[in-house]
Amino acid sequence: MEVIYDDKRSMKVKAGTMVQLPLELTILPCEIALEYELQQGANVAFGVEMEPTNGLAKHIVPLSVGAPKKLCMEFKNEGVCTFTWDYSSAWFGAQDIVYRVVVKVSETQLKIHTAATSIQSVVRMRSVRESYLSGELGTPSPDDGDAAANDDSGTFRFTDNAEPTSPAASSPKATFKPKPKPKPKKETPETL
């Protein structure tokens, strides 16, 4: 299994609120490990819910104060897994929570997902290019590089050639001059 996500964070849950951490599950099967720490005697409820893409949500770990602080779960269906920390029973204060989430997938599934994502990206770009050149997204201008002159004066252009293009003719570049910082005003009894 290959780790695709490993994140450790801390957060503060205020009294009367709850915090949810949703994870979208798209590369399957996957394994999710969660570990969290609370202050001694904290009255924060914890729960895990899985909402499959097609189906009803299920409580994997029911929301409760005595829920386990270390979990390792395997998922085989697409959907959203949501971790919830609920401190809505408190009237004042806040609780610090430190958590770590690790998501692992098989190397084969990761390669398949990466290839599929690359193909989808190319298909979307081709579709946008065709829409643009057919005029559906406006009229192509000579600066686009697809005009008859085919010069490189534009900053963005579509091309069927996979080779890099030559840079546009150099032109004088604007220079940036930061504004001087205003001098602080002296406070006097009249300005207060």
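Trainee: Which residues does Thr-84 touch, not counting those up to four places away in sequence?

Mentor: Please keep in mind that this is a predicted model. Thr-84 touches Met-18, Val-19 and Gln-20, then Ala-45, Phe-46 and Gly-47, and also Leu-63, when residues up to four places away in sequence are not counted.

Trainee: Where is Thr-84 found?

Mentor: Thr-84 lies in strand E7.

Trainee: Is Thr-84 buried or exposed?

Mentor: Its relative accessible area is 9%, and the cut-off for buried is under 20%, so Thr-84 counts as buried.

Trainee: What joins the side chains of Thr-84 and Gln-20?

Mentor: A polar contact of 3.3 Å joins these two side chains, Thr-84 and Gln-20.

Trainee: Which strands make up the sheet that holds E7?

Mentor: It is an open sheet of four strands in the order E2-E7-E4-E5, and the pairing is antiparallel. Strand E2 (18–25) and strand E5 (58–64) stand at the edges with a single partner strand each, so one side of each has no neighbour in the sheet. From one strand to the next, the twist averages 15 degrees.

Trainee: How many bridges join E4 to E7?

Mentor: Eight bridges join strand E4 (residues 45–52) to strand E7 (residues 79–86), and the two run antiparallel. Within E7, Thr-82 is the residue that stands opposite Glu-49.

Trainee: What is the strand order in the open sheet that contains E1?

Mentor: That sheet is formed by four strands in the order E1-E8-E3-E6, with antiparallel pairing. Its edge strands are E1 (2–14) and E6 (70–75), each of which pairs on one side only. The twist in this sheet averages 15 degrees from one strand to the next.

Trainee: Over how many bridges do E1 and E8 pair?

Mentor: E1 and strand E8 (residues 94–105) pair over twelve bridges in the antiparallel sense. The bridge partner of Arg-9 in E8 is Tyr-99.

Trainee: Turning to aromatics, how many aromatic pairs are there in the whole structure?

Mentor: A search of the whole structure finds five aromatic pairs. In one of them, the ring centres of Tyr-36 and Phe-46 are 4.6 Å apart and the planes are at 35 degrees, so the pair is tilted. This pair links distant parts of the chain, with Tyr-36 in strand E3 (residues 30–37) and Phe-46 in strand E4, ten residues apart. Tyr-36 and Phe-46 are both buried.

Trainee: And why is the pair of Phe-46 and Phe-83 stacked?

Mentor: The planes of Phe-46 and Phe-83 are at 10 degrees and their ring centres are 6.4 Å apart; stacked requires planes under 30 degrees apart, so the pair falls in that class. Here too, distant parts of the chain are linked: Phe-46 is in strand E4 and Phe-83 in strand E7, 37 residues apart. Phe-46 and Phe-83 are buried.

Trainee: Which residues do the ring pairs link into a cluster?

Mentor: The cluster consists of Tyr-36, Phe-46, Phe-83, Trp-85 and Tyr-99, linked by ring pairs.

Trainee: A change of topic: how many disulfides does the structure hold?

Mentor: The structure holds zero disulfides. Cys-81 is in none, and the nearest cysteine sulfur, that of Cys-30, is 8.3 Å away.

Trainee: Are Cys-81 and Cys-72 buried or exposed?

Mentor: Cys-81 is buried, with a relative accessible area of 0%. Cys-72 counts as exposed, at 54% relative accessibility.

Trainee: Now the loops: where is Asn-43 found?

Mentor: Asn-43 is in the loop between E3 and E4. With a relative accessible area of 41%, Asn-43 is partly exposed. Leaving aside neighbours within four places in sequence, Asn-43 is in contact with Val-65, Asp-86, Tyr-87 and Ser-89. The C-alpha atoms of Asn-43 and Ser-64 are separated by 9.5 Å, and these residues are 21 apart along the chain.

Trainee: Finally, what does the secondary structure of the chain come to?

Mentor: It comes to one helix and eight strands, and the pattern along the sequence is β-β-β-β-β-β-β-β-α. Of the 192 residues of the chain, 26% count as buried. Among contacts in the chain with a separation of 6 or more, 73% are between residues 24 or more positions apart.

Key: Residues numbered from 1 in each chain as written. Predicted model: local features only at pLDDT ≥ 70, side-chain atom pairs only at ≥ 80, totals over all residues. Heavy atoms only, no water. Pairing = 2+ DSSP bridges. Axes fitted to C-alpha atoms, helices over the stretch in contact; angles between N-to-C directions. Buried < 20%, exposed > 50% of the residue type's maximum accessible area, 1.4 Å probe, protein only. Polar contact = N/O pair within 3.5 Å; in protein donor to acceptor, adjacent residues only side chain to side chain. Contact = heavy atoms within 4.5 Å. Disulfide = S-S within 2.5 Å. Phe/Tyr/Trp six-rings, centres within 6.5 Å; stacked < 30°, edge-to-face > 60°.
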